[in-house]
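I opened my notebook next to the model today and jotted down what I looked up, one entry at a time. Have a look along with me.

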Amino acid sequence: MVALAAPPYVLADTLCCLGLGFFLAACYDLARFFLGGSRPVCFLLDVAAALAAAVLACSFAASRSYSGVVRWYMAVGLAMGLAGYFFVLAPGCAAVQRLIKWTAARPFVLLWLLLLRPAARLGGRAGCAAGQKLRAEAKKRRKKQLKNKGRVLYNSDNPPGAPRG
C-alpha cells in the first residue's frame, strides 16, 4: 500500500497534471484545425486523446510524481486542464483559427472573383449562344416524321373504293 503524500506534494502533482491537461487539449485543438472536423477524424482524435491522457498520467506518475503511482487528484488535475482549455481558451483560439483560414483563403477568393468567374460567365454566354444557333439549325434540318394531318383518317389504310372485308 502506498503511503499518503503531504498536501504540498499533492498540490504540486495536481498543478503539473493541470498543465498536462492544457497541453493535451491544445494539441487536440491544433490537430482538429489541421485535419478538419469530420466525424471519422473527430472519433480518431478522441480515441488518441484518451490514450494520450492515460499515457501522460502514467508516465508523469512514474517519473515525476512524489507518490509514484497515478492518484485520483492527478486525474482530476488532468480533467481540469482539459476543461479549462476548452471553456476558457478555446473560443479565443477558434477566432484566431477563423482569421487564419480567412487570411489564407483571401488570395483564392480574389482570384475567383476577379478572373475566373467573369471568364466563366463569358464562356457560358458564348456557349449558350452557340448552343442556340445549333438548335435553330437542327430545327430547320429536321424532317417531318408524321403524315400530313389533312390525309390522316380513321381507317386510312384502306384506299377509297376498295372493298372492306
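**Entry 1, Q97.** I looked up what Q97 touches: leaving out residues up to four places away in sequence, D29 and F33 are its contacts (contact means heavy atoms within 4.5 Å). Q97 sits in helix α3; helices here are DSSP runs of H or I with at least four residues, strands are runs of E with at least two, and both are numbered from the N terminus. I noted Q97 as buried because its relative accessibility is 19%, where buried means under 20% relative accessible area, exposed over 50%, and partly exposed in between, with a 1.4 Å probe and protein chains only.

I am working with a predicted model, where local features need pLDDT of at least 70 and side-chain atom pairs count only at pLDDT 80 or more, while totals for chains, interfaces and linings use all residues. Residues are numbered from 1 along each chain as its sequence is written, and side-chain values use heavy atoms, with hydrogens and water left out.

**Entry 3, the whole protein.** I found three helices and zero strands, running α-α-α from the N terminus. Of the 165 residues, 18% are buried. I also checked contacts between residues at least 6 apart in sequence: 70% of them join residues at least 24 apart.

Where does α3 bend? I found a bend of about 55° at L89, with a proline, P91, following within four residues; the bend is the angle between axes fitted to the seven residues ending there and the seven starting there. The buried residues of α3 include Y73, M74, Y85 and G131, and their cover includes α1 (7-35) and α2 (39-63).

I placed W72 in helix α3, which covers residues 72-141. Is W72 buried or exposed? W72 counts as exposed because its relative accessibility is 65%. Its C-alpha atom is 9.5 Å from that of T14, 58 residues away along the chain.
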